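Work through the exercises below with the sequence and coordinates open. Try each task before reading its solution.

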Amino acid sequence: MLRYGLRLHRWGMLGFGLVAFLSTTAQGAAYLKLAGSTPAERALFVKTMTALALQLSYFLPLPRHLDSLAGYVLWRAWGTLPLVIVFWAIAAGSGAARGDEEKLLVESWLASRLSRARLVAWRFAAFGAAALVMAALAGGGTLVGAAGVETIPIERLAGQVLTLWLLTLACFGLVYLVSQFPGSKRGAQVLGTVLLLGLYLFQVAARTQPSLEDPAWISPFHWYDAGDVLAPGGTLNLTGIALGAVTLVASAVLACLAFERRDLRGPLFRLRARASRARQGGTSPLLGWPVARELYRQRWIVLAWAAGIAGMAFLMVGIAHGTVNALLALPGLRGFLGPTGTDPYRGYIALIWFGIAQALLAGFAVHVVAGWAGDDSQGVLSAELSRPRRRWAIVAERAISAVVAIVLLAILGSICTLIAAQQIGVTLDSAGVFRATAMLVPFALTFAAAGAMASSWWPRAAIGVLGLLVFASYMDSALGPVLGWPAWLVNLSVFLLYGSPLLTGIYWNGLWAMLAVVVVGFGAATLLMERRELSR
Amino acid sequence: MKVTSAIRTEKLTKDYGSGRGLFDLDLEVAEGEVFGYLGPNGAGKSTTIRLLMGLIHPNRGAAEIFGLDCRRQAVEVKRQLGYVPGEHPDFGGLRGREVVAYLGAMGGGVDQAWVKTLCERLKLDLSQRFRDYSSGNKQKLLLVLAFLHKPPLLILDEPTSGLDPLNQQEFYTMVREARDQGTTVFLSSHILSEVEHVCDRVGIIRAGSLVRVASLAELHDIRLHRVEIEFAGELPLDRIRAAEGVSDVTVEDHSLRCIVRGSFAPLLAVLAGAQVVNLSSHEPTLEETFLEYYAAEPKEPVAC
């Protein structure tokens with residue numbers, strides 16, 4: 001049964017494991033180039049990174065032991081893995097608790113005399129095994145990245161792997177527990193997201209707010225941050241380990257009790273049924289129109305991303321003053337804010353906010369492609385093709401609805417940016433913001449087009465392939481120059497094709513390249529859709 | 001080519017390898033008839049339907065619906081038909097009426113009065129979300145979608161799956177009404193009572209090959225009879241076993257049981273002069289005929 005359970009988590013295990021491995025490997029490999037070899041270089045590196053890290057506390061823990069490769073990798077790679085794990089825990093936890101019920105798997109398992117308690121234990125064990133593989137890959141990547149530079153004791157590495165593993169399991173357990181409350185997988189995903197992101201953001205706030213230090217221990221991300229066993233002089237956070245174990249066991253036990261109590265496919269607490277109202281009308285007219293019907297079906301996804309993008313725009317621009325001042329205080333980091341003569345705030349927004357906007361819109365593109373792949377695997381595509389629809393029209397409708405949604409999100413993000421900038425007394429030129437916004441559209445569409453091609457060819461693998469493409473493209477842009485990769489390889493990154501339109505105008509070569517990928521990608525998707533056979 | 005066939009296939013083949021698939025299907029379904037397509041699991045029924053629907057592509061051969069090529073003129077074909085798939089699609093959180101609206105719009109609009117009529121007949125509440133429907137209600141929704149545009153051809157794959165007996169009867173009534181209005185129905189099933197209720201002709205598919213097409217009456221004529229004979233004296237066992245059309249002879253005390261295919265005359269000739277106390281002939285149902293058909297040449301079913 002454990003083997004079957006591992007199979008259920010195999011894509012997450014492999015995908016997130018690969019991300020963890022590549023992340024730790026790449027950061028380790030980049031350390032010498034970034035930090036230098038001499039004590040003086042290292043000291044300067046420590047000073048600048050520490051100052052910068054204060055401004056990046058929303059994303060990274062506060063660094064320690066940056067004078068060593070292990071300390072740097074602990075901060076830069078292991079420190080970002082929790083945010084990655086949040087996504088995996090939400091997907092895996094809600095899927096295990098509710099998704100399998102909706103697929104009628106839980107019924108068949110319980111019908112084969114598996115008790116509810118054993119089922120819960122089995123799912124935790126299966127995910128635990130998958131999480132261990134992921135954590136081990138992170139450890140393996142650390143060793144690979146450090147090879148030839150620094151020796152990392154195995155016991156320290158094992159301690160760090162243990163810490164990451166416990167965090168992953170605790171997050172899964174928390175999502176699995178809250179998933180017992182709503183009656184659907186979607187409700188479980190929403191609750192899980194609210195819970196984990198809430199705990200994560202609580203820890204983010206606690207990083208720079210001493211008053212939150214004590215209550216922050218309720219967040220598993222806090223005790224994960226508190227551990228630094230990987231770095232020289234670091235210690236295994238036994239309190240954190242114990243809290244992680246307690247969180248894990250408590251969530252499993254409470255989830256088991258809740259699962260025993262509730263009906264399958266029902267909420268934990270069922271509200272009294274209201275008298276049914278006659279609801280013969282009320283269908284949205286949007287469902288009758290091409291493109292509009294796609295957007296209507298995706299409306300909640302678009303709204304959720306819109307809220308996220310708006311929130312991030314206000315947050316990132318809101319902290320501009322602190323970050324800019326910190327960077328200006330350090331000569332070595334002045335260059336982060338753009339070429340000499342650039343308004344530093346404009347440089348900050350161009351680099352930081354629009355950099356994050358790129359990541360967010362790439363994430364949205366992946367989410368949209370997941371919907372397309374889902375339509376295929378769930379038989380909705382077959383249902384559409386049983387109507388008089390041309391296959392190329394389906395691809396075209398998907399492409400146009402993606403364009404519309406991405407344009408709306410990009411515009412929203414930029415409007416929020418302008419408002420937030422005005423609130424902190426920063427003036428941005430509208431033309432520049434428009435350029436930067438406009439370039440986000442082909443940027444995100446590049447990933448959507450690649451995803452369309454993948455979902456038309458092999459829907460089951462589309463998300464994994466696209467996610468890997470986004471990750472690889474990001475790593476290529478972030479670390480390629482540092483690691484001295486060939487220019488042609490670095491220039492393959494879609495993130496670099498975007499250029500820096502707010503500062504230096506439109507990067508025309510990049511725009512043509514992105515548009516070419518969009519045309520080729522959706523064109524290939526059309527051809528593949530014409531030829532492919534539908535399994536459902 | 002004269003268009004008198006609603007469905008016509010010629011050497012239609014889909015080979016999945018290892019003997020799996022559909023092979024050289026030559027089939028013709030006339031306009032206005034209700035054609036039952038029978039076969040065990042994995043025989044190729046759904047593969048045939050998916051080829052007709054253009055969802056998969058044949059390796060060789062051709063399929064036409066009302067003279068239109070199922071692959072090259074797929075969109076025009078879809079305008080002529082309503083379809084119930086063998087598996088439920090998952091429309092997630094959309095309400096039933098939203099599914100009807102969005103798929104109905106793809107077919108050229110929705111007649112709300114007709115939808116209301118269909119839902120009342122099938123007792124389907126369109127205000128519920130698809131994920132909250134029972135299996136039977138999901139099937140009813142698929143039936144509503146198939147009948148939505150009153151198409152000249154209905155292709156139905158296991159259409160009564162999950163329906164309670166009352167709704168099954170209502171479905172049969174709907175099919176008869178559609179036939180009376182000239183609609184052609186291609187109905188794939190493994191439920192023989194369903195076929196007996198509504199079909200004019202039946203095709204039997206086994207291991208990817210069409211083994212028999214006949215009217216219900218013809219199938220009744222060729223089916224076997226289970227005969228039980230009670231003798232007062234000695235049984236003419238050897239002569240009975242040798243009689244034409246007689247098989248599966250078993251004896252218990254003075255009773256003999258056998259199966260007779262075709263004419264009774266050879267058996268009666270043998271029995272002349274024997275001391276027969278009692279003779280009964282049991283006419284099997286179509287199900288027994290069907291099972292006998294598959295038991296006659298045992299072969300592993302081919303998954304398609």
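**Exercise 1. Count the helices and strands of chain B.**
Solution. Take DSSP runs: helices are H or I over at least four residues, strands are E over at least two, numbered from the N terminus. Chain B then gives eleven helices and 14 strands.

The model is predicted, so local features need pLDDT of at least 70 and side-chain atom pairs pLDDT 80 or more, while totals for chains, interfaces and linings use all residues. Residues are numbered from 1 along each chain as its sequence is written, chains are lettered from A and ligands numbered from 1 in the order written, and side-chain values use heavy atoms, without hydrogens and water.

**Exercise 2. Find what share of chain B is buried.**
Solution. Step one: apply the cut-offs, with buried under 20% relative accessible area, exposed over 50% and partly exposed in between (1.4 Å probe, protein chains only). Step two: of the 304 residues of chain B, 50% are buried.

**Exercise 3. Which range of sequence separation do contacts in chain B join?**
Solution. Call heavy atoms within 4.5 Å a contact. Keep pairs at least 6 apart in sequence; 68% of these contacts join residues at least 24 apart.

**Exercise 4. How many disulfides does the structure hold?**
Solution. Search for pairs of cysteine sulfur atoms within 2.5 Å. Over all chains the count is zero. Check Cys199(B): the closest cysteine sulfur, in Cys70(B), is 20 Å away, too far for a bond. Cys199(B) is buried at 6% relative accessible area. Cys256(A) also counts as buried, at 15%.
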